[in-house]
Amino acid sequence: MRVAAKIAAFQLLDVLRSRWLFGYAIFFLLATELLLRFGGDPTRALVSLTSIVLFTVPLAAIVFATIYVHRAREFVELLLAQPVGRDAMFAGTYAAMAVLLSAGIVLGIGMPFALRGGAGVGGDAVLLVGAGVALTLVFAGTGVALALRTDDRLRAFGIALGVWACAALAYDAVLLVAATALAGAPLERPLLVATLANPIDLARVVMLMHLDISALMGYTGASFTRLFSATAGTAIAAVSLAAWAAGPALLGARLFRRKDF
Amino acid sequence: MRALPVVTRAVLFAMCAGAPQPALGQASHTLVVAPGTALATLGEAVARASAGDRIVVRAGTYREPLVTIDKPLIIEGVGDAILDGESAHAILTVAADDVTIRHLHFRDVGVSYTSDLAAVRVLAVRNCRIEDNRIERAFFGIYLAKSVGCRVIHNDIRGAARDETSSGNGIHLWAARDALIADNHVSGQRDGIYFEFVTHTIVRGNTSEHNLRYGLHFMYSDDCQYLGNTFRYNHAGVAVMYTHRVLMAGNRFVSNWGDAAYGLLLKEIDDSRVEDNEFAHNTVGLSADGANRLVASHNTFRSNGWAVRLLSSTDDARFERNNFFDNTFDVGMRGGETTTRFAGNYWDDYRGYDLDRNGVGDAPFHPVRLFSLIVAQNPPTLVLLRSSFVMLLDGVERAVPSLTPSSVVDDTPALTPIR
């Protein structure tokens, strides 16, 4: 554990030196500040921010993680030649990345809201930051696993983009096309299950439950109403997102343990 | 006052209250009903009273069969005068003109599946006044049938309805005209306020909430006005049907949620005006189904699922100078084109510009989004709301409109909220 913490601390400094992440935090800071200042009321700003987070966070996390694992490869190899456990090495690297990416979101989005005392939508803002952090963990973990499996940098980068495009765009496109093709069939339940099977959609539904509840109540079918009924729904979604976050990280750890450097 | 004879007092009271005066020379008395006295039931007092008398009901609980008021009387409670229906029967029937009932406390009217038992039932009379009463756990609260010129003011009706079949309406008017329904509070009934074949009636300043079905429900009730009422948390909102020349102004339609809940559902409502109302937090704010020649102006639609749902059965409606804030969908419709016109509204989604600085956007606004059409066709797809792909789709459609109806357009969108 102490070794992992030391590695994490070192990696934190290393990542920070790239300044990449400052840009990331400043991007959210600017977007939030501008939306709160000029985008009408805070709820509206939050709606727009949600779209931005759902689109950019998975992309940034998966791309950054993929690139970073490759960049840190020599360092990792050097350290593994020393008496350093692989689990500690992986945990340290992953934690440093996750913390920094999450910090960009927490500070970038959190600060403008915090300075305004929550702007009347503090709870929903916290939820959005939470969703952003969860997506960061999911996609950073995926990026790490991907980079460990694929030694070719360019290839790994391409696959990362592909995975992101599938999760962020193609998945919903397929759902929409399928739903249209099967119009009239009892689609409520399958569509809901399919939605919860994609972490980006899951995070989106959590935000919808708080931002568009009037519209969601227009749903027929008790399963929806029950799911969308505030607290229970949010709790279920939070647990699912946590499971989603753990999955890729554990896979990455497994790959890292077995990898022949 | 104390020195005045009883007769003069009664006459003075009648004049002050604006009730019809008894004819000159006809003696008017006050009868006092109180528990444990010679006159211990309202029924007996009514039987003994003559037209124009006043009956004072002192505090106490009165359990007696249905009382029919068959002559013009003023019946007035003092203190907490409770008329108990013992969960078995109706309480008062008004069967004479010029009856006033005030300050009484009705409770526990029996439920019946064959007759409309009510706390106060008014049958074929003129000029009744029902004021300042409390009605608790009544099957029907106040029931006016075939009556003219009645005033129902400042009553508090709290039902305990559990399901639609075993519950009645709070204020129920059937075949009435020239009534005034003002400042009442109705909750926990089937429909808060229900009109059928009612004309020239004013409904003002009432609050109708937490009812099992509709806060307000009317049919075949031409030329009525609904002003400054609040309808909120009703299971299905407000639905009004088959009526001409309705004016609804200054009302609030708030928090009516559900797959068949509407802030306001207009079905076959012709030549009507909906002005200055607030629609907030409803699944559907205003649904126009056959609302021909409707004029909706200066309303504010805030945080609704669908601010306006327009059905193709609506012809020549006009939406002018309304505010649209934070609605998931501004206008929903089921494809097709429409003869309804939008002009001069404020849309918070509008991203246009105003080069000539006249306060009117230079580019038109199309309030129907492609995704709202998809959802109308296939409701389960709503779960994809705000997904990146859907936003992309909407963006493309907005840039190159091809599927959304071109006739639903506001050519003169306001750049700042109205008023």
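Here is a short chat about a predicted model, covering a surface patch and a chain contact.

Colleague: What makes A:Arg44 and B:Asp348 a salt bridge?

Modeller: The closest N and O atoms of A:Arg44 and B:Asp348 are 3.2 Å apart. The cut-off is 4 Å between a side-chain nitrogen of Lys or Arg and a carboxyl oxygen of Asp or Glu, so the pair counts. Across the interface of chain A and chain B, the rule finds two salt bridges.

Colleague: And which elements of chain A touch chain B?

Modeller: Those giving two or more residues include α3 (42–71), α7 (153–181) and α8 (188–196). α7(A) gives the most, with eight residues.

Colleague: How many residues on that side of chain A are nonpolar, polar or charged?

Modeller: They split into 22 nonpolar, seven polar and seven charged. Chain A brings 36 residues to the contact, and chain B brings 30.

Colleague: What area is buried between the two chains?

Modeller: About 2700 Å², with carbon and sulfur atoms giving 64% of that.

Colleague: Where do they come from?

Modeller: α1 (2–17) and α2 (20–38) of chain A each supply at least two. The largest share, five residues, comes from α2(A), and A:Leu30 lies in that helix.

Definitions and conventions:
Residues numbered from 1 in each chain as written. Chains lettered and ligands numbered in written order. Predicted model: local features only at pLDDT ≥ 70, side-chain atom pairs only at ≥ 80, totals over all residues. Heavy atoms only, no water. Helix = DSSP H or I, 4+ residues; strand = E, 2+ residues; numbered from the N terminus. Contact = heavy atoms within 4.5 Å. Buried area = accessible area lost by both parts, 1.4 Å probe. Nonpolar A, V, L, I, M, F, W, Y, C, P; charged D, E, K, R; others polar.
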